[in-house]
Amino acid sequence: MISWPQKSRWLFSFIFLIFGACTFRNQVESKNTLNLVAHERIKGLDPIYAEDLYSGLQVGQVYEALLQYHYLKRPYVLVPNLAEAMPEVSPDGLSYRFHLKKGVLFQDDPAFQASQGKGRELIADDVVYSFKRLADPKLNSPGWWIFDGKIVGLDSWRKKASQSAATSYSAEVEGLKALNRYTIQIKLTQRSAQFPYFLAMNFTGIVPHEGVDFYGKDFIRHPVGTGPFRLEEYNPSSKIVWVRNPTYRQDLYPSEGAPGDREAGLLEDAGKPLPLVDRIVTHVLIEQQPMWLNFMAGKLDFSGIPKDNYSSALGDGHELSPELKRKGIQLFKTPAYDVTHATFNLTDPLLGKNKSLRQALSLAYDGASFIRLFYNGRAIPAQGPIPPGLHGYDEEALSGYRKFDLARAKLLLAKAGYSDGRNLPPLEYATLANSTGRQAAEFMEKMMAQLGVKLHISAYSWPQFLEVVKQGKAQIWEYAWGADYPDAENFLQLFYGKNVSPGPNDSRYVNPEFDRLYEKALTLPNPEERSDLYKKMARLLAEDVPWIFIAHRMNYVLTQPWLKNYKPNDFDRIRYKYYRIDDSKRR
């Protein structure tokens, strides 16, 4: 899932709350209210478009999928969500059968005209409809890659839909059927170890056709789901407010967790009905300092640490300062399953055809200095896309073009035909229109200037930036990818030829040998076997340089003493239903 590095997912440290622009009201939202921050404008609330971290965390409050991650267990474990139990899987691994929980209701909404606004029960047909909607070519979802080529008959259904004036959702798909009111059968074209993970992603959140029909193009602003919260206020540039969904089904806080969870107080609410808060207020703040000031004033419940405040908050020992300890603030440090990178647009006639030029630019980028300046050392240099902790990460491997080497970079630039940058036009670099984005762009500009390479920098809002990336309107851009699920395939699919943008392959990298290895790895159930192929793919990327691989970050999150049940989680987008606010401590 994409996010912008803080220059820290960039400020993406997988810290879902992030940094701010201007202070919000002096009176903090309280009364069992969770106060959060998003550091980019929310682009919408439709699950099939929730490709980025910021939209994903909002969508997760209202839309649910068949599966979810156990909130407390580590390593991460999939458990039922809308499904009654984990799927029945055929011996050959090609058929999945899900039984839905009965009595799950869509929230009350004017879209349900037949029942005077009362939400109806979710049934198997809704799952089939939602999956077809994700596959509908007319809707152009960036999440299509999770189903592309995987479900029997779905690709041919999609092709027919692209050739017709209107998409027929009633047309049968062999591999996607509602067997009865509460049972869905999914048939795969080939075995896939990753397929269950897809059924816990935002892209597969279940929507009712009534909501889509009633709101039309405005459905992106009017979510109608089964989740623990419903939308009360939507101002994507300033504030989003969620309130408890009164028709939410029985859902209980987990009664077991990982070692140490009981001692940490994470099981004090075991067995209690969810959600534990009545309201969620997400304040959209673009810059970091207002976020930090509001957190320090107690107006936010948790926060990342801006690079400019790191030394005062933690100091050289990387532990909480005495001031923060006195306030009862807690520090959580966890490795992030992410990679920050600068992407080359390989359809660009200049960069795409000149590998020596890309290699030179990569060698001229001093990643160690970037980590020191932007992450306060809270990251390790990336040699490829796979982060530590996942099968396929090779700690010993060194990319031939990622160790900062200016002399070698100059030789390669000359080999590319642009000695000292002569005759090379300025390269179009896209960034975000916030202070961190501007600083990152200035750093890149400085790195390239050492070679005699000039940049033309254009700054955008987050939604505009995503559009530039998807349409390939720049030559270079910088951001981060955080894992959607705990398998290195989630990073390698960013380079698969069939996933070219508007899919997640934004660099538009196409290498037949990479694709062959990738497709072979998809069929292997053994993670060790996949790991060997993952390493081979990473070596191809290291040579071809579709990205400048920058860093794998550490997440540093501070929580207020009144926030209970916080546990770092890289994958669960519905995590907020587990949080509890101790209002007596906040007051």
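This is a predicted model: local features need pLDDT of at least 70, side-chain atom pairs count only at pLDDT 80 or more; totals for chains, interfaces and linings use all residues.

**Strands, a helix and some loops**

Me: How many bridges join β16 to β17, and do they run parallel or antiparallel?

Reply: Six bridges join β16 (residues 427–432) to β17 (residues 455–460), and the two strands run parallel.

Me: And which helix makes a β-α-β unit with β16 and β17?

Reply: That is α12, residues 435–449. Together β16, α12 and β17 make a right-handed β-α-β unit.

Me: How does β2 pair with β11?

Reply: In the parallel sense, over six bridges, with β11 covering residues 279–284. Within that pairing, Leu 36 stands opposite Thr 282 in β11.

Me: What about the open sheet with antiparallel pairing, what's the order there?

Reply: That sheet has four strands in the order β5-β6-β8-β7. β5 (88–89) and β7 (176–180) stand at the edges with a single partner strand each, so one side of each has no neighbour in the sheet.

Me: How many bridges join β5 to β6?

Reply: Two bridges, and the strands run antiparallel, with β6 spanning residues 95–99. Glu 88 has Arg 97 in β6 as its bridge partner.

Me: Which helix lies across β7 and β8?

Reply: α2, residues 124–135, lies across β7 and β8 (183–187). The helix runs at about 175° to β7.

Me: Time for a loop. Where is Lys 102, and is Lys 102 buried or exposed?

Reply: Lys 102 is in the loop between β6 and α2. Its relative accessibility is 62%, so Lys 102 counts as exposed. Leaving aside neighbours within four places in sequence, Lys 102 is in contact with Glu 121 and Tyr 182.

Me: And Lys 138, what does its side chain reach?

Reply: The side chain of Lys 138 reaches the backbone oxygen of Ala 161 at 2.3 Å. A polar atom of that side chain also lies 3.0 Å from the backbone oxygen of Ser 164. Lys 138 sits in the loop between α2 and α3 (154–162), and is partly exposed at 39% relative accessible area.

Me: What else does Lys 138 contact, beyond its neighbours within four places in sequence?

Reply: Its contacts include Ser 162, Ala 165, Ala 166 and Thr 167.

Me: Now α16. How far does that helix reach?

Reply: α16 (residues 527–544) has 18 residues and reaches 25 Å from its first C-alpha to its last, close to the 26 Å expected at 1.5 Å a residue. At its start, a side-chain oxygen of Asn 526 comes to within 2.7 Å of the backbone nitrogen of Glu 528. Just after the helix, Val 545 takes a positive phi of about 50°.

Me: Which residues of α16 are buried, and what do they pack against?

Reply: The buried ones are Arg 530, Ser 531, Leu 533, Tyr 534, Met 537, Ala 538, Leu 541, Ala 542 and Asp 544. The buried residues pack against α9 (355–363), α14 (489–492), α15 (512–522) and β19 (547–559).

Me: Why do residues three or four places apart point the same way in an α-helix?

Reply: Because an α-helix has 3.6 residues a turn.

Me: One more residue: is Gln 194 buried or exposed?

Reply: Gln 194 counts as buried, because its relative accessibility is 0%, under the 20% cut-off. Gln 194 lies in the loop between β8 and α4 (195–198). Not counting residues up to four places away in sequence, Gln 194 touches Tyr 485, Asp 487, Glu 489, Leu 522, Arg 530 and Tyr 534. Arg 530 and Tyr 534 are also among the buried residues of α16.

Me: Last one, where is Ser 321 found?

Reply: Ser 321 is in the loop between α7 (310–313) and α8 (322–326). At 10% relative accessibility, Ser 321 counts as buried, and among the residues touching Ser 321 are Ser 312 and Leu 314.

Key
Residues are numbered from 1 along each chain as its sequence is written. Side-chain values use heavy atoms; hydrogens and water are left out. The expected span of a helix is 1.5 Å times one less than its number of residues. Buried means under 20% relative accessible area, exposed over 50%, partly exposed in between (1.4 Å probe, protein chains only). Contact means heavy atoms within 4.5 Å. A polar contact is a pair of N or O atoms within 3.5 Å; within protein, one must be able to donate a hydrogen and the other to accept it, and residues adjacent in sequence count only if both atoms are side-chain atoms. Two strands pair if DSSP finds at least two bridges between them. Axes are lines fitted to C-alpha atoms, for helices over the stretch in contact, and angles run from 0 to 180 degrees between N-to-C directions. A crossover is right-handed if, with the strands pointing away from the viewer, the path from the first strand over the helix to the second runs clockwise.
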